[in-house]
Amino acid sequence: MIADEVKQLSVPDILEKLRASADGLTHEEVEKRLEEYGYNEIIEKKVNPLVKFFGYFWGPIPWMIEIAAVLSLAIHHWADFWIIMVLLLVNAVVGFWHEHKAENAIELLKKRLSLNAKVLRDGKWQVVSSRELVPGDIVRVRLGDIVPADIKLVSGDYVQVDESALTGESLPVEKHAADVAYSGSIIKLGEATAVVYATGMNTYFGKTAKLVEVAKTESHFQKAVVKIGDYLIVLAILLVGLIFMVAMFRHESLIETLQFALILTVAAIPVALPAVLSVTMAVGAAALAKKKVIVSKLAAIEEMAGMDVLCSDKTGTLTQNKLTLFEPVTFPGYKKEEVILLGTLASREEDRDPIDLAIINSAKDLLIKTDKYSVTSFVPFDPVHKRTEASIHDARGNTFKVSKGAPQVILSLVENAHEIEGAVNQKVIELAEKGYRALGVARTNKTGVWEFAGIISMYDPPRKDSAETLKIAKDMGVQVKMVTGDHIAIARETARLINLSTNILLSPSVVGKKDSELQRLVEKADGFAEVYPEHKYSIVESLQATGHIVGMTGDGVNDAPALKKADVGIAVENATDAARSAADIVLTLPGLSVIIDAIKESRKIFQRMNSYAIYRIAETIRVLLFMTFAILIFNFYPITALMIVLLALLNDLPIMSIAYDNVKYSDKPEKWDMRVVLGIATVLGIAGVISSFGIFYIGEEVLHLTRESIQSFIYLKLSVAGHLTLFVARTRGPFWSIKPSRILLLAIISTQIIATLIVVYGILLPPIGWRLALFVWVYALAWFIVNDYVKRAAYDLFDHGKIIFHR
């Protein structure tokens with residue numbers, strides 16, 4: 001049933017059409033309608049888990065592994081075949097499992113944040129999950145409630161509904177009986193009974209959410225993986241092609257050469273690179289979840305590490321989202337406490353109006369007692385009269401009236417308005433310049449004449465940690481820009497209180513500018529006031545056009561395009577489902593400090609990914625170049641196909657533990673500097689080639705080992721030195737500058753013990769005994785120290801080159 005049709009129907013007609021009863025639906029009828037209409041929830045398109053799992057066996061890298069397995073089968077190399085299959089399966093299972101866990105995080109969040117509704121069923125009012133509502137249910141909505149489904153009001157006084165999250169309308173909309181209210185909107189004032197006419201995907205909210213499909217854009221992380229992959233694949237194809245041609249020239253077995261070439265290519269191509277980086281981010285996502293930050297898109301962690309501009313909401317993020325009274329302005333004959341007392345008497349707690357509650361709570365804090373006064377009648381605030389009024393009877397038997405509201409309205413009640421008008425207006429202007437909201441307070445005297453008692457002002461105070469958090473953000477290279485729908489005076493005063501520069505611009509006047517001017521203004525601004533949700537998209541787009549990686553916070557459906565456009569879309573606490581769906585990161589706590597925690601964690605995760613990338617590229621270069629030169633120059637295969645597979649299996653799987661490594665987060669935004677990553681990796685790779693030929697020379701010319709023993713000798717060296725390379729790659733300074741985590745250390749030591757035992761006792765490979773194995777360890781450790789010095793010298797060279805480049 002569409003909203004326009006519902007609007008045309010009278011209340012009795014809609015109740016009849018929906019077969020709704022005055023006693024509500026019965027339990028049996030609810031069950032039937034749940035089957036007919038489904039649950040009241042936004043359905044997200046999901047990929048079948050089996051399809052997702054088999055996706056890990058599809059693609060250029062898996063194809064090469066699979067072809068290598070088939071060739072091993074063809075030439076009856078059973079050990080090779082089974083080890084290759086284990087490598088393929090383990091890679092798929094680990095990748096699938098961690099992706100599955102990450103996707104479940106947002107689902108768990110939705111369950112935690114599920115809403116409840118007050119519904120009439122079987123003649124009784126009861127609270128049920130909003131998910132279980134069906135068309136025809138009679139519900140009760142009141143101040144502060146999120147409308148649980150599309151409803152038509154059937155009885156009750158008017159309600160004010162905030163539909164800004166749906167329509168962009170910033171002011172609450174007044175609704176009366178027979179009007180409709182949409183799912184996801186918020187009741188700001190009043191109470192009413194209504195009938196549900198649409199649920200789930202059939203609601204206005206659901207239809208809007210369908211339009212906010214999350215676009216598949218390539219992140220900086222994905223681009224970096226592609227660049228690393230391309231670099232290694234091109235290198236591997238060139239060198240393997242060379243080996244293949246030389247083997248053909250030497251009339252070696254075609255199938256065996258092809259199998260060896262494929263396995264060497266598999267070892268060279270970073271098979272586990274995407275999985276290791278995804279696991280690293282998934283583990284980081286779990287760490288962030290403990291800090292109440294839910295990551296719905298793993299690549300967003302890497303984006304957040306590089307974020308250098310954060311566009312932050314004011315209300316609830318920089319401020320407490322709680323109205324607080326400022327020092328009242330008193331007029332002759334009245335004290336501060338009396339003004340607050342009169343303001344309290346002109347308020348009604350059960351209405352749950354934010355302004356009334358702020359005044360009442362202030363009175364309680366100041367121990368101002370109201371128990372000696374009784375309210376005999378009360379006229380609530382309405383948009384026409386713009387004031388409240390109460391008739392009061394005190395303990396002495398006196399009766400009088402009190403009123404609070406817009407200062408000009410209250411001023412119009414008093415007899416001496418012309419005498420005090422200038423003073424009142426001056427105070428209101430002064431308060432407005434500070435961003436405070438002013439309310440006039442008046443009472444009648446013994447003769448029934450109204451007297452102006454004073455002005456109550458209130459504001460939304462900054463969060464206690466906002467100023468300190470902004471300082472931390474600045475120190476971390478992140479510029480925070482305030483984005484608020486509030487008046488510019490309020491925005492500037494808030495900025496002043498939290499030590500943010502006060503270059504706040506009016507959003508409507510900025511957004512209409514030409515692209516070049518818009519980009520200049522947006523980049524220089526410290527914030528934007530009177531922002532409508534649609535302006536956020538333009539702000540993000542302008543910042544991205546000037547080369548920034550942008551984070552944007554939001555909570556409404558209309559924020560979704562900006563959240564999707566931003567490099568890091570952040571749905572704040574209590575955001576709508578549509579905003580959460582479009583966002584990359586969802587916060588479950590208020591405030592900016594939780595975002596700063598997320599930035600710190602994301603930069604740690606980036607450091608781990610960077611370390612692994614350098615290690616993996618260096619390893620590939622080392623193995624490929626060493627193999628190629630050994631075959632071309634010495635006509636000797638230094639390691640067998642089985643050894644290559646064992647290297648890949650034993651060295652890549654435990655490397656997953658790098659996700660738990662100890663790192664220090666950078667004090668600047670991180671980004672993939674492929675020049676440095678590939679440069680350092682290449683230097684370490686070449687150093688590895690030199691050390692590998694060194695041990696080949698020792699085995700051949702000094703120790704006079706057999707060719708089979710030399711292969712085991714070299715295999716152990718490649719295995720041990722490979723993991724030692726990781727300890728070199730994980731720091732910019734000396735390897736001891738950051739202690740590795742226990743889990744990483746244990747994983748590497750255990751796998752290298754296995755590799756050592758394999759060659760010592762001849763499990764699958766020719767044995768070499770303990771004496772030679774210990775020699776390999778000493779040799780690898782000596783080169784480990786050398787490589788660490790080489791790495792530091794390379795970093796100095798690259799850093800010096802960078803300085804010259806910038807000059």
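Which residue in strand 19 is the bridge partner of D313? I will come to that after some ground rules. This is a predicted model, where local features need pLDDT of at least 70 and side-chain atom pairs count only at pLDDT 80 or more, while totals for chains, interfaces and linings use all residues. Residues are numbered from 1 along each chain as its sequence is written, and side-chain values use heavy atoms, with hydrogens and water left out. Helices (H or I, at least four residues) and strands (E, at least two) are DSSP runs, numbered from the N terminus.

Now the answer: D313 has V483 as its bridge partner. Strand 11, residues 309–313, runs parallel to strand 19 and is joined to it by five bridges. Two strands count as paired if DSSP finds at least two bridges between them. Strand 19 also pairs with strand 21, residues 527–529, in the parallel sense over two bridges. There, V483 stands opposite F528. Strand 19 itself, residues 479–483, has four of its five residues buried; buried means under 20% relative accessible area, with a 1.4 Å probe and protein chains only.

Inside the order, strand 4 (150–155) and strand 9 (191–198) run antiparallel, joined by five bridges. The partner of S155 in strand 9 is T193.

Last, helix 14, residues 354–365. Among its buried residues are I355, L357 and I360. After the helix comes L367, with a positive phi near 60 degrees.

Technical notes:
Buried means under 20% relative accessible area, exposed over 50%, partly exposed in between (1.4 Å probe, protein chains only).
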